[in-house]
Amino acid sequence: MDRSPTSSAPVVAADGRRTLLLSVDFEDWHQLVRRRVGADRWEEPGPALERQTCALLELLDELAARATFFVLGMAARTHPELLRTIAAAGHEIGCHGDAHIPVHTQTPHAFGADLRAARATIEELTGLRPVGYRAPAFSITRDSPWAYDVLAAEGFEYDASQHDTPRIRGRVVPAAIGPHRLKAGLWEFPVAVWRAPAMRIPVGGASYWATIPTALVLHGLSRAGAMAGLYLHPYELDPRPLRAQLSGGTSITQRGHAALREAQRNLARRRAPGVLRAIAGCYRLITYGEAHAQLRDRAAAGP
Ligand SMILES: [Zn+2]
């Protein structure tokens with residue numbers, strides 16, 4: 001008899017709501033967009049992460065939800081006070097790597113070093129040792145299956161990087177839509193995706209909510225399996241429009257690239273709070289760490 005968690009009944013809270021896992025990829029949009037367009041002094045702290053994080057933490061309080069923040073090391077170093085505030089508010093601290101370099105472009109050695117750098121920063125600032133990981137841009141692909149072994153060797157206990165969206169080239173298609181064990185011994189928590197008859201619909205990411213009607217997001221989540229994952233970014237909760245604010249020496253091409261990124265992100269930003277409120281009305285939102293503890297205890301208890 002198959003007793004894997006993915007074959008069991010959906011996890012239902014006492015109030016009848018099903019459970020989804022809520023996460024935030026904690027990164028500084030301005031750092032990343034400046035680096036992407038090749039701007040000078042890209043590593044300087046961006047002007048908006050503090051207000052974005054405050055808006056996000058207020059919304060999570062309003063929804064009585066706790067989330068897992070997968071923290072990018074370089075963003076934490078430029079905004080140490082924000083990381084401490086997030087941890088003090090009772091959210092789980094996970095790891096998003098250090099420099100936001102796609103995993104499949106790294107060697108196993110470089111990937112291990114990136115993980116250790118991020119974790120050293122997180123531990124120094126919070127005293128907490130993250131056991132969960134999300135790859136930048138879900139970049140553990142079919143070209144980098146070794147990444148799971150590196151994560152396990154570095155002491156991580158779960159991964160949340162599998163996202164079955166057509167936008168990711170070479171993506172790893174999860175073996176199950178719900179949490180499951182990987183060969184490396186880690187737990188995998190896939191992002192919520194509705195496997196509709198004709199296509200995959202990635203309903204778990206706030207960047208997709210910009211183009212999917214809320215009712216369809218809710219319907220898709222009902223088909224995405226128990227303990228499916230949601231993710232958003234601080235910039236999607238920014239109360240003000242995003243502006244890249246490049247320095248004077250940037251070219252027209254650089255400014256064009258930045259303007260495109262602004263337009264894409266501002267579309268998602270306008271929709272994210274309302275969609276998350278609608279989801280919270282139908283689902284109980286918990287951290288990945290809470291789900292991981294439940295599954296681990298259930299597995300330890302045996303059949
Ligand atoms: Zn990221």
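A polar contact is taken as a pair of N or O atoms within 3.5 Å; within protein, one atom must be able to donate a hydrogen and the other to accept it, and residues adjacent in sequence count only if both atoms are side-chain atoms. The model is predicted, so local features need pLDDT of at least 70 and side-chain atom pairs count only at pLDDT 80 or more, while totals for chains, interfaces and linings use all residues. Residues are numbered from 1 along each chain as its sequence is written, and side-chain values use heavy atoms, with hydrogens and water left out.

Helix α1 spans residues 29-36. Helices (H or I, at least four residues) and strands (E, at least two) are DSSP runs, numbered from the N terminus. Asp28 caps the N-terminal end of α1. A side-chain oxygen of Asp28 lies 3.0 Å from the backbone nitrogen of His30. Because six of its eight residues are buried, α1 is largely enclosed by the rest of the structure. Buried means under 20% relative accessible area, exposed over 50%, and partly exposed in between (1.4 Å probe, protein chains only). The buried set is Trp29, His30, Gln31, Leu32, Val33 and Arg34. Their cover includes α3 (73-78) and α9 (252-282).

Gly38 is partly exposed, with a relative accessible area of 45%. C-alpha to C-alpha, Gly38 and His104 are 21 Å apart in space, and they are 66 residues apart in sequence.

The zinc ion has Glu27 (OE), His96 (NE2) and His100 (NE2) as protein donors, lying 2.1 Å from it. Donors are N, O and S atoms within 2.8 Å of the metal (3.2 Å for Na, K and Ca); water is not among the atoms, so sites may look incomplete. Along the chain the spacing is E-x68-H-x3-H. His96 is buried, at 1% relative accessibility. His100 is also buried, at 17% relative accessible area.

The largest nonpolar core holds 68 residues. Such a core is a set of buried Ala, Val, Leu, Ile, Met, Phe, Trp, Tyr and Cys residues joined through side-chain atoms within 4.5 Å. Phe69, Tyr133, Trp209, Ile279 and Leu285 touch the most other members. Another core lies apart from it and has eleven residues, among them Phe70, Trp187, Tyr288 and Ala291.

Contact means heavy atoms within 4.5 Å. Leaving aside neighbours within four places in sequence, Ile279 is in contact with Leu20, Trp209, Val217, Leu218, Leu221, Leu230 and Leu285. Thr287 sits in the loop between β11 (283-286) and α10 (288-301). Thr287 is buried, with a relative accessible area of 9%. With neighbours within four places in sequence left aside, the contacts of Thr287 are Leu21, Arg66, Ala67, Thr68 and Glu92.

Grid points are joined across faces, edges and corners, and a volume is the space filled by probe spheres set on the points. The largest pocket has a volume of about 1,100 Å³. Of its 36 lining residues, Arg36, Ala137, Arg167, Arg261 and Arg265 are the closest to its centre. The largest cavity has a volume of about 50 Å³. Its lining includes His163, Asp164, Pro174 and Arg195.

Note on methods: 1 Å grid on protein atoms, 1.4 Å probe; cavity = no way out; pocket = protein on both sides within 12 Å on 5 of 7 lines; lining within 4 Å.
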